[in-house]
Amino acid sequence: MNNDNFEKRMEFLKKSYDRVPSSFNPDEVFKKIDEEKVPQLEMQKPTKGGFRQHLTVWVMGIASLFIIGLIGTGIVLEQKQNTDKEKIESPVTDEYIEDLLERYEEEREKRREMVKLDEVFFKHYASFADSTINLLKNESYLEMVREGTEKTPLEEMYNRAIEELKLPSEMLKELKENSLTDDEQGSITFLGEYRRKVQLLIEIYDQILIENKEAIDEYDVDPNVDKAEIMLLSSKSFPEQLQNIIGTMRDQSIRLHTEKYSGEIRTRHNNYYFYYSDLSFNLHHHTDAYVQMIVEEPYMYGPILQYPLEEMAYKLGRMEQTLINVEQDHSLYPVLESYYLTIFNDLVKGSEYTKIFDEDGVLLPDYQDVWRGLASFGDARPLAYVMQPIVKEMEASGWRESKSWDSLSYNALKDAIVLYREGQLEYYMYGERPEFKSETIKFPNESFWNEVQALYEDFKKSHDKSVLKGASPIHVLGVFDYANEMDDPETMYHLLSESVMYDHYGEIELDDYVENWRKGFSRFRNVTEAVFDENTVNREGLKFRGHVSFTNLDRELHMVFNEEGIWEVYSGYMEPLPSHQILPERGFKDILDFGEYTYASMNNPNYEMKYLNGVPALDIVGAYFYALSRGNHEVPYKLFFQGEGSEIVDKETYLENPEKYSQSPPYENGMYIRASFQGNEQDESGNWLGVATLIVDTEKYPNLPAEMKFHMIWTEEGWRVKFNPFQE
């Protein structure tokens with residue numbers, strides 16, 4: 001290798017070790033070594049031309065000191081400690097040590113072959129592991145082990161070295177086998193080590209790319225395609241070392257990348273979805289932004305943001321979610337925090353490279369949208385705390401000036417995070433938080449409904465919400481429900497929050513609400529207990545959102561606590577009564593196609609019939625007849641109504657002669673051409689009835705009537721088919 005390449009590699013390695021954390025104090029390490037009577041490693045001058053030996057000693061010397069320092073201060077991976085009085089019981093024989101060293105060399109060589117690096121480059125990757133295992137060659141250290149001064153078993157030192165050797169691909173495989181979704185600290189530790197190893201490989205790969213720049217520059221591709229992507233598919237024409245990394249880097253979640261501004265080919269973490277999901281789906285959710293950072297960094301190319309404005313604003317929100325929740329660590333937290341502050345200040349303060357105002361001094365429209373988005377968090381969040389006064393003042397000045405913007409410091413968000421973590425940010429933003437009182441009401445409850453009726457009568461007079469001051473969210477919801485029973489949609493409308501979304505169509509006026517209103521099911525039907533839990537209340541700006549839940553039902557209804565301290569109903573949607581359900585005529589083939597999906601689900605023996613709740617009646621019809629077309633009579637039997645008033649026979653009897661109970665000629669494909677559905681009122685047994693009208697293809701079946709009535713019954717778990725469905 002020529003001297004130029006040697007100097008490049010030396011500079012490359014030096015830059016890597018310059019990144020040792022600032023908390024690393026060489027003086028303390030040497031002091032520790034002196035105390036433990038471990039002699040400093042002697043740095044031998046390399047012989048002329050022996051640069052590999054020189055590089056090896058230089059790398060191992062620095063890494064050894066670093067590892068010893070970590071051991072001394074307890075920063076390295078967790079280890080089981082023996083008591084002060086314990087002695088190492090396993091004999092520290094020469095044969096035992098030699099066996100550990102031989103096993104290590106085998107494991108080391110296996111990893112080197114996996115990434116196909118020469119020894120110089122792989123030594124850089126394995127430097128921490130080599131330093132750890134080299135302690136087993138240090139007589140002073142071994143003497144401390146034999147005397148019991150050093151209580152870490154040699155087998156544990158060996159295992160630690162192997163862990164440090166493991167490649168990112170091995171770490172991912174183990175993560176998928178042993179998820180850390182419930183272990184926040186374990187997730188942080190994993191990501192810190194994973195990121196360190198990926199970055200080491202990226203540094204190595206980038207150096208190899210630099211050394212092979214001439215071959216890369218000579219490789220011509222169509223200027224309209226990504227050169228990096230093409231290189232990944234055609235590595236055989238390159239020098240061997242370059243071929244090797246191109247062939248192995250994807251296994252380590254690394255890819256070639258074309259730099260946006262320079263056009264240089266470099267490497268970075270592979271951000272394809274399956275790599276991202278392997279990490280995010282198996283780690284604690286508080287670390288989401290750490291995963292995002294590893295996959296997407298660096299966020300800036302020099303002083304220029306790499307991603308579009310709106311995307312960067314979204315990423316800021318993700319970063320903040322991690323920074324305010326995660327246990328702070330010394331490896332990932334400061335890096336993410338630095339990105340968070342840098343990106344925010346670029347978006348909000350601009351720079352000589354980022355112009356955010358036009359020539360008239362007006363904030364550019366794209367930045368106006370981004371700033372509004374950053375300020376829009378309703379709950380007490382650092383971004384909202386910093387941005388809300390700025391946006392308010394900017395809007396008042398036509399997006400020209402803001403005193404809050406003028407005084408904004410670089411670390412404003414960092415200070416806001418401190419307030420959040422101390423539980424003070426909400427107070428600084430909104431003042432004292434109201435006290436909410438949990439409540440549980442059991443049903444049936446005549447006293448509760450008497451109180452609700454009295455509130456309804458008072459509120460109905462003028463629809464003045466101050467009447468409801470002090471009423472619990474359960475009582476306000478009860479008034480809304482009672483107004484529904486009284487066919488009073490106007491009162492229902494005035495109980496809604498101003499921000500209500502009705503049936504997902506947006507805000508509507510009173511006249512529209514009343515005109516489109518249909519009586520719905522009581523929200524308290526079949527309820528045994530209604531619960532409001534104060535701990536579920538979340539802030540949304542000057543308002544709060546909570547919910548009323550029902551312990552025996554899978555039902556949860558949101559409520560809003562407004563600026564006046566009054567509970568309002570969040571949604572005006574009412575589950576429609578079966579009698580209001582009308583489905584217009586559709587082609588029967590289309591009905592069968594939709595029914596096939598329902599049939600496929602029901603045909604699973606573990607399928608729970610409650611999942612049919614909400615499935616349209618005609619889809620149930622489609623599933624019924626699709627099953628018959630398949631010769632499957634078990635699915636139709638599952639669809640039969642089996643409640644009070646049903647004349648259903650046992651399953652075995654039905655399956656012996658299913659046509660007997662159809663009251664119709666056996667079903668054949670093409671018998672029906674269209675169908676519609678109409679819900680009806682309750683029968684004498686209290687069942688809600690419905691009828692699907694089937695239009696017969698009379699050209700093919702001239703002996704059948706033009707219309708066939710297919711009877712259905714509604715249940716709490718959805719529509720069911722009446723046994724003998726063609727019988728009135």
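**Notebook: contacts, helix packing and local geometry**

I began with contact range: of the contacts in the protein with a separation of 6 or more, 67% are between residues 24 or more positions apart. Contact here means heavy atoms within 4.5 Å. The model is predicted, so I kept to its cut-offs: local features need pLDDT of at least 70, side-chain atom pairs count only at pLDDT 80 or more, and totals for chains, interfaces and linings use all residues. Residues are numbered from 1 along each chain as its sequence is written, and side-chain values use heavy atoms, with hydrogens and water left out.

I looked up the overall make-up next. The protein has 30 helices and 15 strands. These are DSSP runs numbered from the N terminus, helices being H or I of at least four residues and strands E of at least two. Of the 728 residues, 49% count as buried. Buried means under 20% relative accessible area, exposed over 50%, and partly exposed in between, with a 1.4 Å probe and protein chains only.

**Helix packing**

I started with helix α9 (residues 168–177) and helix α10 (residues 184–211). Their axes come within 9 Å and cross at roughly 155 degrees. That makes α9 roughly antiparallel to α10. For the terms: axes are lines fitted to C-alpha atoms, for helices over the stretch in contact, and angles run from 0 to 180 degrees between N-to-C directions. Angles under 35 degrees count as roughly parallel, over 145 as roughly antiparallel, 65 to 115 as roughly perpendicular and the rest as oblique.

Which residues meet between α9 and α10? From α9 I noted Pro168, Met171, Leu172 and Leu175; from α10, Phe190, Glu193, Tyr194, Lys197, Val198 and Leu201. The residues of this contact divide into eight nonpolar, no polar and two charged. Here Ala, Val, Leu, Ile, Met, Phe, Trp, Tyr, Cys and Pro count as nonpolar, Asp, Glu, Lys and Arg as charged, and the others, Gly among them, as polar.

Helix α8 (residues 154–165) also packs on α10, at an angle of about 60 degrees with the axes 10 Å apart. That makes α8 oblique to α10. Glu163, Glu164 and Leu165 in α8 meet Glu193, Arg196 and Lys197 in α10. I sorted the residues of this contact into one nonpolar, no polar and five charged. Glu193 and Lys197 of α10 are listed in the contact with α9 and again in the contact with α8.

I then checked helix α4 (residues 94–115) against helix α6 (residues 127–134). They pack at about 170 degrees, with axes 11 Å apart. That makes α4 roughly antiparallel to α6. Leu101, Tyr104 and Arg108 of α4 make the contact with Ala129, Asp130 and Ile133 of α6. The residues divide into four nonpolar, no polar and two charged.

**Aromatic pairs**

How many aromatic pairs does a search of the whole structure find? It finds 43. Rings of Phe, Tyr and Trp (its six-membered ring) pair if their centres lie within 6.5 Å; planes under 30 degrees apart count as stacked, over 60 as edge-to-face and the rest as tilted.

I took phenylalanine 625 and tyrosine 672 as one case. The pair is edge-to-face, 5.5 Å centre to centre with 65 degrees between the planes. Phenylalanine 625 lies in helix α28 (residues 617–629) and tyrosine 672 in strand β12 (residues 672–682), so the pair ties together parts 47 residues apart in sequence. Both residues are buried. Both also belong to one aromatic cluster, whose members include Phe588, Tyr624, Tyr654, Phe710 and Phe726.

**Backbone and a strand residue**

I found a cis peptide bond joining glutamate 297 and proline 298, with omega about 0 degrees. Proline 298 is in the loop between α15 (288–296) and β3 (300–301). The bond from phenylalanine 443 to proline 444 is cis too, with omega near 0 degrees. Proline 444 sits in the loop between β5 (439–442) and α23 (446–462).

Lysine 116 has a positive phi near 55 degrees. It is in the loop between α4 and α5 (119–125), and is partly exposed at 40% relative accessible area. Histidine 463 has a positive phi of about 55 degrees. At 17% relative accessibility, histidine 463 counts as buried.

Last, I looked at glutamate 540 in strand β7 (residues 538–540). Its C-alpha atom is separated by 7.6 Å from that of phenylalanine 377, 163 residues apart along the chain. Leaving aside neighbours within four places in sequence, glutamate 540 is in contact with Gly378, Asp379 and Arg545.
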